[in-house]
Amino acid sequence: MVNPTGPEHVRVLGGQGTVIGDGNTIYQTFTNAPASISSHIRVREFATIVAERTRGFVGREFVFAAVERLLVAPGFDSGYVVIRGEPGIGKTSLIAELVRRHGHVHHFNVALQNIRSAHDFLSNVCAQLVVRYGLSHAALPPEATAGGGFLSRLLAEAVEKAPDRRVVLLIDALDEADDLGVAVGANRLFLPAVLPDGVHIVATSREVHDYRLAVDSMDEIALRDDDPHNRQDIAQYVRDFVQANHDPMRERLAGWGTTVEEFADLLTARSQGNFMYLVAVLRDIRSGRIDVERIGDLEQLPRGLRAYYLRHWRAMMAADPELFRTLYEPVICMLAVAHEPVSAADLSRWTGLSPNRVRGVLRDWREFLNEERTDGAPTRYRLYHASFQDFLRDEVALDEYHEAIAAAALGKLGL
Ligand SMILES: Nc1ncnc2c1ncn2[C@@H]1O[C@H](COP(=O)(O)OP(=O)(O)OP(=O)(O)O)[C@@H](O)[C@H]1O
Ligand SMILES: [Mg+2]
C-alpha cells in the first residue's frame with residue numbers, strides 16, 4: 001500500500017483550487033494564510049491521509065447518522081462524541097471521510113508518523129481555527145501549546161463567527177496521542193473539560209482502558225465488528241472490489257468455483273468485521289498471492305487480521321529462510337521500532353546492510369509500507385498500519401532492534 005501521494009498531489013489539493021467534498025475549501029484557505037499561522041498547520045500530512053483513506057470509501061452511513069443525531073440532540077449543546085472500535089475497523093477512514101465531506105477543523109494523531117504530542121495537536125488545531133474562522137490573531141502566542149486555555153478561547157470565538165453557530169472539531173486516535181508534557185490530571189492533548197455552547201469534538205479511539213478524558217459532557221458510539229451494519233459495509237466493499245477488479249477477480253473466483261455473493265459472505269465472516277483484513281486479503285487475491293493453487297479451498301483463508309499477518313510472515317520466512325533472517329526481518333523490525341518515518345540510508349546504517357539490499361526489501365514489502373516523498377529530501381518509509389506493528393511487537397522479539405537504533409544514535413553523537 002505504497003502511498004503515491006507526495007507533495008505534488010498535496011499541492012494540487014491545496015493550491016490549485018480543487019475542492020475536496022461539498023463546500024470544503026479548507027485546504028485552499030490554509031495555503032492563503034500568513035506564514036506565522038499556516039506554518040503550524042499540518043496540511044501536507046493530513047491532506048495525504050484524507051486522500052488515501054477515502055479512496056474507495058464504502059458505507060458508514062449508520063455512523064454518520066448517529067453522529068449527526070448526537071450533534072443536534074436536545075441537552076447536548078456542546079460536548080464530546082467518542083467513536084470507539086478495534087484496530088483496523090475503519091476509525092481513521094471515518095474521520096477522513098468526515099473531513100472530506102464537511103471540511104471540519106481536524107487533527108490526526110499518527111504514532112507511526114510521530115504526530116502524537118499535545119503540542120502537535122494544539123498548534124495545528126489553533127492555527128486551523130484562526131484561519132478557518134478568520135479570527136483576529138496574527139500569530140499563535142506561546143501559551144497556545146502550553147495548555148487548553150487558548151484553544152477554549154478560540155473555540156468560543158469561532159462559534160461567534162460560524163454562520164450556524166456550530167463548530168465541529170475532528171480528532172483521530174486519542175489512543176495514539178502521548179501524555180508527555182501534559183500535566184497529571186489534565187485531559188489527553190489538554191482537551192478542555194468544558195466546551196463552549198455550539199462546539200462538539202468528535203474523536204476516535206481504540207478500545208483502551210482509559211483515554212484520559214474527564215469532561216462534563218460526552219457520548220460514545222461503539223463501532224462493533226459484529227454490528228450487522230458493519231457487516232453490510234464489509235460485504236459491499238468486497239462486491240465493489242470484485243467489480244472494480246473484474247478480470248483478475250473473475251479468474252480467482254472461477255478457480256474456487258464460487259459466486260460473488262458466496263465470496264462476499266465468506267470474506268465478511270473471515271474478516272471478523274475488520275476492514276484492514278479485507279484490504280490486505282483482497283489485494284493478495286487480486287495479485288494471485290492467494291489463489292486456488294496456493295491455498296486450495298477458500299475455507300483455508302485466514303481467520304481475522306492477526307491470522308493473516310501471521311500467515312504472511314511465515315510464508316515469507318518459509319519461501320527463503322536465509323533471505324528472511326538476514327534481510328527481511330531486520331529491515332521490517334527496524335521499521336516497527338522506529339518512532340517516525342525513516343530513509344533507506346537510516347535503515348542501512350542501523351542494520352549494517354547495504355542501501356541497495358535495503359531498497360530491495362522495501363520493494364518486496366511495499367504493500368505493508370507507506371512512502372513519504374518530499375521535494376529535495378530522501379524518500380522516507382514507515383509501516384502502513386499500526387495493526388502490523390502490534391503484530392510484530394507480539395510475534396517477534398523487538399528488543400534487539402530498539403537497542404540497535406539506540407546504539408546507532410549514540411554512535412552518531414560520538415559517545
Ligand atoms: N469504510 C471504508 N471503506 C473503504 N475502506 C475502508 C473503510 N474503512 C476502512 N477502510 C480501509 O481499511 C484499512 C483500515 O482502516 P483504518 O486505518 O481507518 O482503521 P482504524 O480503525 O483507524 O485502525 P487503527 O485503530 O489501527 O488506527 C485502511 O486501509 C482503510 O483504507
Ligand atoms: Mg486509525
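Predicted model: local features only at pLDDT ≥ 70, side-chain atom pairs only at ≥ 80, totals over all residues.
**Group meeting: strands, a helix and a pocket**

Let me begin with the contacts: among those in the protein between residues at least 6 apart in sequence, 74% join residues at least 24 apart. The protein has 415 residues, of which 55% count as buried, and its secondary structure comprises 19 helices and eight strands.

I will start with strand 3, residues 167-172. Six of its six residues are buried, so strand 3 is largely enclosed by the rest of the structure.

Which strands pair with strand 3, and in what sense? Strand 2 pairs with strand 3 in the parallel sense over four bridges, with phenylalanine 108 standing opposite aspartate 172. Strand 4, residues 199-205, also pairs with strand 3 in the parallel sense, here over five bridges, and in this pairing valine 167 stands opposite valine 199. Strand 2 itself covers residues 105-108, with Val105 and His107 pointing one way and His106 and Phe108 the other way, and all of these are buried.

Helix 8 runs over residues 149-161, and at 1.5 Å a residue its 13 residues should span 18 Å, which agrees with the 19 Å between its end C-alpha atoms. Its buried residues are Phe150, Leu151, Leu154, Leu155, Ala158 and Val159.

Next, the second largest pocket, which has a volume of about 370 Å³. It is lined by 19 residues, and the closest to its centre are Glu68, His102, His104, Arg166 and Val168. The elements that give two or more residues to this lining are helix 5 (61-71), helix 6 (91-102) and strand 3, and the largest share, five residues, comes from helix 5. By class, the lining has eleven nonpolar, two polar and six charged residues.

Finally, there is a sheet with antiparallel pairing, an open one of three strands in the order 6-8-7. Strand 6 (342-343) and strand 7 (369-372) stand at the edges, each with a single partner strand, so one side of each is left without a neighbour in the sheet. Strand 8, residues 380-383, pairs with strand 7 in the antiparallel sense over four bridges, and within that pairing the bridge partner of glutamate 371 is tyrosine 381.

Key: Residues numbered from 1 in each chain as written. Chains lettered and ligands numbered in written order. Heavy atoms only, no water. Pairing = 2+ DSSP bridges. Expected span 1.5 Å × (residues − 1). Buried < 20%, exposed > 50% of the residue type's maximum accessible area, 1.4 Å probe, protein only. Contact = heavy atoms within 4.5 Å. 1 Å grid on protein atoms, 1.4 Å probe; cavity = no way out; pocket = protein on both sides within 12 Å on 5 of 7 lines; lining within 4 Å. Points joined across faces, edges and corners; volume = space filled by probe spheres on them. Nonpolar A, V, L, I, M, F, W, Y, C, P; charged D, E, K, R; others polar.
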